[in-house]
Amino acid sequence: MIEMLRSEATQRAQSGSFLLPDRSRISSLRLLGTALPVLYVWSLPVLAWCEFAHTCDGYPRCDATGMSVSNFIANARATGAMAACFFYPALHLWQNAQYVRNHKYVYSTLVAFQVSFGIFLMCPITEVPELHPPAVCLFCSAALTHCFVLLKHCADSRLWLCKSLVCAALASFAMVFILVTVASVDGELLKAHVPALFYTMECCGLSSMAIFPLFWYRAVTETHASQETGANETSSFALIDHSDTSRLRFMGAALPVLYVWSLPLLAEAGFAHKCANYPRCDRTGMSVSNFIANAWATGAMAACFFYPALYVWLNAEYVRHHRFVFPTLVVFQASFGIFITCPVTELPNWHAPAVLLFCIAALVHYGLLMRYCTSNRLRLCQALVSIAIAAFMVVFTLMIIGHLDGNMLIDNVPVLFWMMECCGLSSMALLPVVWFRERQLRG
């Protein structure tokens, strides 16, 4: 009898794993993920004073508008931190979209926002001022449009709060565009009298947009969803079937792979960073870390690797009842954030441990997922994990060799370290797209 009860409880837990979780409850993890970007944008002046964020010439009277978030994040450190902090609201948007994925414009507006936000990150205002403002305009417009699409599906108990956040964001961004117009007419007015106004409006808008996904949820609960008979409603509250890889997921996996392997070409084009004596960089030769040690390349790294990270979090919802799934995932995400926030050329003592930690955390997390992987993808997933393990073991071996003999690698095989990094990162980027859960767990 006890065994039968245990079996029934296990089956209920497994079937529950294939339903979307209840978003009406605000977990401490989601609350922390929302607080991070809000605290970050409002603390940028302090971070600039600490020489972490960028400061313009004549600070705080920057350009014609005065201080701005765009100017503060115009270095590799601050761009990486911006991407790391705003990953969580973006993740929450994608998680929320699963509940209304059958409705028109949900994913089109979300993809438009994500792409334009990525362009915003990889186009620093100090380097490409002609591309930066259109990217800001596009990602703000797409985010607001997406939120308006979600409002019609919002639970009544949160509707007034979500509407207030969207209205606050709309008013703030409208004020930003008004201030840009004023600055174009009189280039001295704002920076001479109210140099912090533009930045304050940006922070209000970004904060509202970061908080919105935390409070939004769809009215129907998991229990009601499982009892729905309509095909659209049932599929809306079940987890997405990833056994058929969509074009969006395929493109999301291809982007980071293509990016890391094209870094030498991007360095030649002036986009990625080139070390002194390139390609004989440091003790190990070329490396991904060295290539992305500027604001452009850091932003592109964060934008491209958003998609594999997103799929890892979405996949985790299938096995969310496992004890160590989310702890390993949180460690990975935090350490990857530190990795892109601490350029190897400026903060090497933080960068190397972050690389070690995010690689180990990712591999441990993937190892946990293997038990749940469907049989017809298991060998492929195991092969990708094995390639990643082998590649990172070679990377760490080469680091030791470089420490013992500073000239051996850079004189003989300056590209080997970078190639091993690319193999490991590519395998880790591909696995979340290939993996999906077995309906019946193996013993």
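What follows is a chat about the fold, disulfides and pockets of a predicted model.

Visitor: Hi! How many helices and strands are there in the chain?

Guide: Hello! This predicted model has 21 helices and 0 strands.

Visitor: And what share of the residues count as buried?

Guide: Of the 443 residues in the chain, 53% count as buried.

Visitor: What about the contacts, how much comes from residues 24 or more positions apart?

Guide: Among contacts with a separation of 6 or more, 77% are between residues 24 or more positions apart.

Visitor: Changing topic: how many disulfides does a search of the whole structure find?

Guide: The search finds 2 disulfides. One joins cysteine 56 to cysteine 62, with the sulfur atoms 1.8 Å apart. The other joins cysteine 275 to cysteine 281, and there the sulfur atoms are 1.9 Å apart.

Visitor: Which pairing do you get if you number the bonded cysteines in sequence order?

Guide: You get 1-2, 3-4.

Visitor: Is the link of cysteine 56 and cysteine 62 left-handed or right-handed?

Guide: Left-handed, with -75° about the S-S bond. The link of cysteine 275 and cysteine 281 is left-handed too, with -75° about its S-S bond.

Visitor: Are cysteine 56 and cysteine 62 buried or exposed?

Guide: Cysteine 56 is buried, because its relative accessible area of 14% is under 20%. Cysteine 62 is buried as well, at 2%.

Visitor: And cysteine 275 and cysteine 281, buried or exposed?

Guide: Buried: cysteine 275 has a relative accessible area of 12%, and cysteine 281 has 2%.

Visitor: While we're on cysteines, are cysteine 123 and cysteine 359 buried or exposed?

Guide: Cysteine 123 is buried at 8% relative accessible area, and cysteine 359 is buried at 2%.

Visitor: Is arginine 158 buried or exposed?

Guide: Arginine 158 is buried, with a relative accessible area of 15%.

Visitor: So what is arginine 158 in contact with, leaving aside its neighbours within four places in sequence?

Guide: Its partners are Ser24, Ile26, Leu214, Phe215 and Tyr217.

Visitor: How does the lining of the largest pocket divide by class?

Guide: There are 17 nonpolar, 7 polar and 7 charged residues in the lining of the largest pocket.

Visitor: And the second largest pocket, how much space lies there?

Guide: About 510 Å³. Of the 23 residues lining the second largest pocket, Asp282, Thr284, Val344, Ala352 and Met399 are the closest to its centre.

Visitor: Which elements give two or more residues to the lining of the second largest pocket?

Guide: Helix H15 (288-291), helix H18 (348-370), helix H19 (375-404) and helix H21 (416-434). H19 gives the most to this lining, with 5 residues.

Visitor: Last one: what classes make up the lining of the second largest pocket?

Guide: The lining of the second largest pocket has 11 nonpolar, 8 polar and 4 charged residues.

Notes:
Residues are numbered from 1 along each chain as its sequence is written. This is a predicted model: local features need pLDDT of at least 70, side-chain atom pairs count only at pLDDT 80 or more; totals for chains, interfaces and linings use all residues. Side-chain values use heavy atoms; hydrogens and water are left out. Helices (H or I, at least four residues) and strands (E, at least two) are DSSP runs, numbered from the N terminus. Buried means under 20% relative accessible area, exposed over 50%, partly exposed in between (1.4 Å probe, protein chains only). Contact means heavy atoms within 4.5 Å. A disulfide is a pair of cysteine sulfur atoms within 2.5 Å. Ala, Val, Leu, Ile, Met, Phe, Trp, Tyr, Cys and Pro count as nonpolar, Asp, Glu, Lys and Arg as charged, and the others, Gly among them, as polar. On a 1 Å grid over the protein atoms alone, a cavity is a set of points where a 1.4 Å probe fits but cannot get out, and a pocket is an open set with protein on both sides within 12 Å along at least five of seven lines; lining residues have an atom within 4 Å of a point. Grid points are joined across faces, edges and corners, and a volume is the space filled by probe spheres set on the points.
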